[in-house]
Amino acid sequence: MIIPCLIMVTLLSSYACDGLQTPSSSPYNQIEVVEIRNNLEEKVQLKVHCKSKDDDLGIRILNFNESFSFTFLRNIFQTTLFFCGFRWENEFHWFDVFTPDTPTCVYPTPCLWFVIDSGPCKIEYDSGALYSCYPWNKDSLRSKMIESKLVPQSPISTAPTPY
């Protein structure tokens with residue numbers, strides 16, 4: 001039992017051999033950077049709550065043109081997903097800011113998102129376009145769960161406040 005474990009550890013940490021990548025070139029061994037900026041047209045505060053399956057980054061309040069960033073490593077299974085809930089005035093939306101299909105977001109090309117009313121926009125480093133904008137994700141149970149953390153609850157009820 002110990003020998004197979006040692007072989008597996010050796011394979012995972014070895015240099016390139018038979019098409020295996022070295023750890024330094026592996027996408028799950030690079031620090032990914034995601035930055036989110038408030039560019040709402042009304043110049044109002046934006047509440048942002050980002051999560052993954054394993055990490056809750058907490059609620060951030062961004063004034064107009066402020067941003068926050070977070071870093072992480074992709075998991076070895078290439079299933080890393082970060083999604084964020086966005087609330088301002090009477091609006092609530094959510095979006096997947098990092099999915100397993102996202103190209104690498106490592107320095108010097110982090111995933112830079114700016115939030116506008118119609119949806120998030122991402123700076124495009126490799127294409128001819130300066131940025132690409134996306135529609136908000138559709139309403140779902142996940143968005144209700146995120147929203148419940150963004151909306152203050154009355155002491156009597158624990159149900160999410162409708163918008």
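## Second largest pocket

Phe-95, Asp-96, Val-97, Phe-98, Thr-99, Thr-102, Pro-103, Trp-113, Lys-122, Glu-124 and Tyr-134 line the second largest pocket. The model is predicted: local features need pLDDT of at least 70, side-chain atom pairs count only at pLDDT 80 or more, and totals for chains, interfaces and linings use all residues. Residues are numbered from 1 along each chain as its sequence is written, and side-chain values use heavy atoms, without hydrogens and water.

A pocket is an open set of points on a 1 Å grid over the protein atoms alone, where a 1.4 Å probe fits, with protein on both sides within 12 Å along at least five of seven lines; lining residues have an atom within 4 Å of a point. The second largest pocket holds about 190 Å³ of space. Strand β6 (residues 91-98) gives the largest share of its lining, four residues. Strands are DSSP runs (E, at least two residues), numbered from the N terminus. The lining has six nonpolar, two polar and three charged residues.

## Largest pocket

The largest pocket holds about 220 Å³. Its lining counts 13 residues; Ser-52, Lys-53, Asp-54, Asn-75 and Thr-80 lie nearest the centre. β4 (67-73) and β5 (82-88) each supply at least two lining residues. Five of the lining residues are nonpolar, four polar and four charged.

## His-93

His-93 sits in strand β6. Its side chain makes a polar contact of 2.8 Å with the side chain of Glu-91. Such a contact pairs N or O atoms within 3.5 Å, one able to donate a hydrogen and the other to accept it.

Leaving out residues up to four places away in sequence, His-93 touches Cys-84, Gly-85, Phe-86, Trp-88 and Trp-136 (heavy atoms within 4.5 Å).

Methods:
Points joined across faces, edges and corners; volume = space filled by probe spheres on them. Nonpolar A, V, L, I, M, F, W, Y, C, P; charged D, E, K, R; others polar.
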